[in-house]
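Please consult the sequence and the structure alongside the text.

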Amino acid sequence: MTTKKDSVITDQDANLSGAVPIKPSITEKEIVSSLKYVSRMRPEFMLSEMRNYIKGEASLQDIYRAVHPSLLDLGLDIIPAEGDFRIVRAPKGNIELTGPEKEKNEMFFQSPGVSRKLERIVEQYIEKKTGKSWDDPVTLERLRDAVVSQKAGYWKEGKSRKITYEKGYDVLGYLAYQFPVYFVQFQHILYSMAKEGLLKTRMKILDVGTGPGTVPLAITDLYNRLDDHRATIYSVEMFDENIEAYRFIVPQYAATKSRIAVEDPIKADIGKLDMDLIPENLDLIVFSNILNEIRGMTPEQKADLVKKLSGKLAQDGNIIIIEPADKVNSIGARNLIIALKKTGLGIYSPCSFIWGSGCNPAECWSFERQKDIEPTRLMRKMAECDEPYRYFNTDLKYTYAILRRDKLTKVKYKVPPKAKFAKLSKLEMHTGKRINVVCSLMSADLGDDKYSLYKICDGTCQKQVYAVIPLHSLTTENKLIRETPYGSVLTLENVLVKYNEATDSYNLLVGKGTTVEAVEE
């Protein structure tokens, strides 16, 4: 299934539903071979002209059907043109955001949420599934029950923890409660990648465990705020109810503009995924809030799955792993990411290895925090009850990592050989002393109304390390730590080392005499 408006073509646009199969005298492979030849010779041509270069008979529909899967890999765009299709060479290179593109996206993140158009499509799907208005009292009560049930199941541990989407209201509850947050959080990560030059002008993306299509919808939403940049999205999903929701919601929303083509989900159990079903030369593979939900797989098996799929990446492709910010899932995600690093995958962000060494802490609880999302109309309606707090889900906190096959990293800085900084792995030697450190900021403010508290790391930690700032000690020289983005590298000069026996961690006390500066790479 492919969506379209203006430049992305559907089977219906090509009138393929009644197409006659290609005659034995000409194979799809021969048609694609001819396309490669013509596209090398000519920067632009009509698809119908391909008949002049193939031996045998084939209709325009036959040719379209044969070449369409290969267009992205060949660097070609296809554009409707009065009963024909114009083939042009697609722009190469990575996205360089323009001023207007940045302005539109920054405006979105000032008050992030689900667009009214997408809200309405979700509401229509609820109406289709229930046969009632989306805000019918009976429907809303059943949605509340589904949300409460899902949350109860989520917090169970071990074998009793079961997250499933086998029933219709399982999916409807997810769309009402989890979807809006996951939808916005992925856009934060994708937009940061665009700003850092990691996204190509033409992207081939795989979303593993797509559910009702949260990641494809998030990609579509972001690309609607970009100019002539496009993506083709493949996905994997095992639950029929999720696939049904995907087919109703995603193509409708992706058809709003011409940015995104969505393929029908590959129905498969992620734990038993046949790699032959997965396209080659992917630019991005996404695991969004899915690895923690897979039952019956050990951490080693999950790492093996991600590693195998990394073989489908282009050499400069990326893998995104996102998990919830609660302690158990966040630590589990970090352990998985470190395990993947040991297999040879590189960590682009948010971790930085400024001492040039590996990182293997006993546990690492680190997450990003963003501005709360705007609740959807459906969320507000569910909250019209005796316990409204149960049905508002607007906090935006998540654990994530971007991995690559190459060794590209966001932070290029390495501590100079003779620099006078203490390693965080050596803090036991400096307890009670004032020292200088260089570190990455690995959390938002975790403190209270008296203290600011930040998790920090330099890639050598064996125990948790925190920078602690009594608010009465804030000065012009040390306040930068409160203004610096997650993952940034800072120097902290003249901090007091304290050991916290209760939590088996170290605190670096930032006082009035402490200087905090950003590292210039």
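## Helices α1 and α2

Helices α1 and α2 are roughly perpendicular to each other, a term for angles of 65 to 115 degrees. Helix α1 covers residues 28–41 and helix α2 covers residues 60–67; they pack at an angle of about 80 degrees, with their axes 9 Å apart. Axes are lines fitted to C-alpha atoms, for helices over the stretch in contact, and angles run from 0 to 180 degrees between N-to-C directions. Helices (H or I, at least four residues) and strands (E, at least two) are DSSP runs, numbered from the N terminus.

From α1, the residues E28, I31, V32 and L35 make the contact, and from α2, I63, A66 and V67. Contact here means heavy atoms within 4.5 Å. The residues of this contact of α1 with α2 comprise six nonpolar, no polar and one charged. Ala, Val, Leu, Ile, Met, Phe, Trp, Tyr, Cys and Pro count as nonpolar, Asp, Glu, Lys and Arg as charged, and the others, Gly among them, as polar.

## Basis and confidence of the model

The model is predicted: local features need pLDDT of at least 70, side-chain atom pairs count only at pLDDT 80 or more, and totals for chains, interfaces and linings use all residues. Residues are numbered from 1 along each chain as its sequence is written, and side-chain values use heavy atoms, with hydrogens and water left out.

The average pLDDT (the predictor's confidence in each residue, from 0 to 100) is 90 for the protein, and 93% of the residues score at least 70. Over residues 1–24 the pLDDT is below 50, and this stretch has 69 contacts in the model beyond near neighbours in sequence.

## A sheet of three strands

An open sheet of three strands runs in the order β1-β3-β2, with antiparallel pairing. Strands β1 (44–46) and β2 (76–81) stand at the edges, each with a single partner strand, so one side of each is left without a neighbour in the sheet. From one strand to the next, the twist averages 20 degrees.

Strand β1 pairs with strand β3 (residues 84–89) in the antiparallel sense over three bridges; two strands pair if DSSP finds at least two bridges between them. M46 stands opposite R86 in β3.

## Helices α4 and α6

Helix α4 (residues 116–130) packs with helix α6 (residues 168–177) at an angle of about 160 degrees, their axes being 11 Å apart. That makes α4 roughly antiparallel to α6, the term for angles over 145 degrees.

In this pair, V122, Y125, I126, K129 and T130 of α4 meet G168, Y169, L172 and L175 of α6. The residues of the contact of α4 with α6 divide into six nonpolar, two polar and one charged.

## Helices α7 and α8

Helix α7 (residues 179–195) and helix α8 (residues 214–223) have axes 9 Å apart and pack at an angle of about 55 degrees. That makes α7 oblique to α8; angles under 35 degrees count as roughly parallel, and oblique denotes the rest once the parallel, antiparallel and perpendicular ranges are set aside. The contact involves residues including F179, Y182 and F183 of α7 and T214, V215 and L217 of α8. The residues of the contact of α7 with α8 divide into 12 nonpolar, two polar and one charged.

## Backbone features

Most residues other than glycine have a negative phi, and most peptide bonds are trans. N281 has a positive phi of about 55 degrees although it is not a glycine, and N281 is placed in the loop between β7 (266–267) and β8 (282–288).

A cis peptide bond joins S349 and P350, with omega about 5 degrees. P350 is found in the loop between β10 (346–349) and β11 (368–370).
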